[in-house]
Amino acid sequence: MISKGIHSSVVVECHGEAEIPETTIIEPNSVVYTGPRARLQLGEMFTMYPSSTIRIDQGWLEVGTEVSMGPGSHIYEPRAGMKIGNNVLIAGGCLFSGTNHGMEPNGIPMRKQPFSAKPIIIEDDVWIGMNCTILPGVTIGKGCVVGAGSLVTKDLPPNMVCLGAPCRPVKPR
């Protein structure tokens, strides 16, 4: 079912499996694209603020209930999968990347190097501050707060305030 809360300027192009509940709100100039080998499952009351993107050529994304994705945030190629729990706040300008390109000096152009992919897990009740980057293979624990501008390269424990580049726990929540 497609939501009535999807703005007329939004592009939703789903070639794979996609579940978009009626309670979904997608604000202006956003894009949702899934390729034929992709699966997208949005939970109830998902809100995607303006100029955000979800792009899954292959792989999957499962989003829990009452999740908001701030303006200008991007979920890019969760090829090994990405799961976002319930009651998660994603502030504006965040980037979630599920893949890395190879970069071996073997005469193969960078664009044609093999990629690697690892899953990303965001547990329940997480707040990710503005302009954070979340890299492949990361789990952000339940109740965690990620400070603005952080670069998350490793797992973050539950119920901690974490920040920095690289992001690290600094105090209990």
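Biologist: Is C14 buried, exposed or partly exposed?
Modeller: C14 counts as partly exposed, because its relative accessibility is 30%; buried means under 20% relative accessible area, exposed over 50%, and partly exposed in between, with a 1.4 Å probe and protein chains only. Bear in mind that this is a predicted model, where local features need pLDDT of at least 70, side-chain atom pairs count only at pLDDT 80 or more, and totals for chains, interfaces and linings use all residues. Residues are numbered from 1 along each chain as its sequence is written, and side-chain values use heavy atoms, leaving out hydrogens and water.
Biologist: And C144, buried or exposed?
Modeller: C144 is buried, at 0% relative accessibility.
Biologist: Switching to strands. What does β21 pair with?
Modeller: Strand β19 (residues 145-146) joins β21 through two bridges, running parallel, with V145 opposite V161. Strand β22 (residues 167-172) is antiparallel to β21, with five bridges. Strands here are DSSP E runs of at least two residues, numbered from the N terminus, and two of them pair if DSSP finds at least two bridges between them.
Biologist: Which residue of β22 is opposite C162?
Modeller: P169. β21 and β22 form a hairpin, with two residues between them.
Biologist: How many residues of β21 are buried?
Modeller: Four of the five in residues 160-164, so β21 is largely enclosed by the rest of the structure.
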